[in-house]
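Subject: Structure for you to look at

Hello,

Here is the structure I said I would pass on. Please open it first, then read the notes below with it on screen.

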Amino acid sequence: VGSQLLRTVAQMNVHLDSEQLHMFLMAVDTHSFQQHLSRVLDQAIAASNARTAQENQQMERNVVEYIQAHLFSPQFTIAEVAGAFDTSERKVGAIIKLATGLPYKEFIIQLRMERAKMHMIRTKRSIKDIALDCGYSDPLFFSRMFKKYYGMSPQEYRKWLSSKEDF
């Protein structure tokens, strides 16, 4: 019984340590062997799940890093990200949701708005230039998004910043 079932385990690509191997060889009946096999398979599944979780976390980091590196082009799309990782747009959305807790579009808007705010604070560049640098080809659309996100237009934000500097 033992040698035949060991071949089956080997075909399943499950590696046994010496103690597990000894337990299989000492199995006197099918029930005993099944109990040992069940424990080994549980361990193999747990190890596989751990590897999968690590691979998923790495994929999440890679996708987020790719987006952060390429996001500020006005031509940037979710299709570009999906193509870069040979996956679907839906999968990219799911990865972003897992990695950030935000839906894909909200994540993109958040990154772009944070960059816009940084430019507003650190530079005197025009709103049009900031919009382009943040991935918006239309400055009016950028201004609407900025107002929706921060509750004030880019011009109002600039005035508010300058009023804070006067103190």
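To begin with helix α6: at 1.5 Å a residue, its 19 residues should span 27 Å, and the end C-alpha atoms are 27 Å apart, so the two values agree. Keep in mind throughout that this is a predicted model.

The buried residues of α6 are Tyr104, Phe107, Ile108, Leu111, Arg112, Met113, Ala116, His119 and Met120.

Overall picture

The protein has nine helices and zero strands. Along the sequence, the pattern therefore reads α-α-α-α-α-α-α-α-α, with definitions of helix and strand taken from DSSP runs. Of its 167 residues, 30% count as buried. The accessible surface comes to about 11000 Å², and carbon and sulfur atoms account for 54% of that. If you take the contacts between residues at least 6 apart in sequence, 51% of them join residues at least 24 apart.

In soluble globular proteins, nonpolar side chains tend to be buried together. The largest nonpolar core here has 17 residues, and Ile67, Phe76, Val81, Val92, Ile96 and Tyr104 touch the most other members. Two or more residues of this core come from each of α3 (30-70), α4, α5 and α6. Apart from it lies another core, of 13 residues, including Ala131, Cys134, Tyr136 and Tyr157.

Is alanine 131 buried or exposed? Its relative accessible area is 0%, so alanine 131 is buried. Not counting residues up to four places away in sequence, alanine 131 touches Tyr136, Pro139 and Phe142. Alanine 131 and proline 74 are 57 residues apart in sequence, and their C-alpha atoms are 9.4 Å apart in space.

Helix α8

Helix α8 covers residues 139-150. Its twelve residues reach 16 Å from the first C-alpha to the last, close to the 16 Å expected at 1.5 Å a residue.

Which residues of α8 are buried? They are Phe142, Ser143, Met145 and Phe146. These residues cover an arc of only 165° around the axis, which puts them on the same side of α8. On the other side of α8, Leu140, Arg144 and Lys148 are exposed. The cover over the buried residues of α8 includes α6 (104-122), α7 (127-133) and α9 (154-165).

Both ends of α8 have a detail to look at. At the start of α8, a side-chain oxygen of aspartate 138 comes to within 2.9 Å of the backbone nitrogen of leucine 140. Just after α8, glycine 151 has a positive phi of about 85°.

Serine 153 and helix α9

Between α8 and α9 there is a loop, and serine 153 lies in it. With a relative accessibility of 13%, serine 153 counts as buried, because the cut-off for buried is under 20%. Apart from its neighbours within four places in sequence, serine 153 is in contact with Phe146 and Lys147.

Helix α9 has twelve residues, which should span 16 Å at 1.5 Å a residue; the end C-alpha atoms are 17 Å apart, which agrees. The buried residues of α9 are Pro154, Tyr157 and Leu161. They cover an arc of only 55° around the axis, so they lie on the same side of α9. These buried residues pack against α6, α7 and α8.

A residue in another loop

Last, look at aspartate 86, in the loop between α4 (78-84) and α5 (89-100). Aspartate 86 is not a glycine, yet it has a positive phi of about 50°. Is aspartate 86 buried or exposed? At 76% relative accessibility, aspartate 86 counts as exposed, because the cut-off for exposed is over 50%.

That is the end of my notes.

Regards

Conventions
Residues are numbered from 1 along each chain as its sequence is written. This is a predicted model: local features need pLDDT of at least 70, side-chain atom pairs count only at pLDDT 80 or more; totals for chains, interfaces and linings use all residues. Side-chain values use heavy atoms; hydrogens and water are left out. Helices (H or I, at least four residues) and strands (E, at least two) are DSSP runs, numbered from the N terminus. The expected span of a helix is 1.5 Å times one less than its number of residues. Buried means under 20% relative accessible area, exposed over 50%, partly exposed in between (1.4 Å probe, protein chains only). The arc is that of the directions from the helix axis to the C-beta atoms. Contact means heavy atoms within 4.5 Å. A polar contact is a pair of N or O atoms within 3.5 Å; within protein, one must be able to donate a hydrogen and the other to accept it, and residues adjacent in sequence count only if both atoms are side-chain atoms. A nonpolar core is a set of buried Ala, Val, Leu, Ile, Met, Phe, Trp, Tyr and Cys residues joined through side-chain atoms within 4.5 Å. Accessible areas come from the Shrake-Rupley method with a 1.4 Å probe; for residues, only the protein chains shown count as cover.
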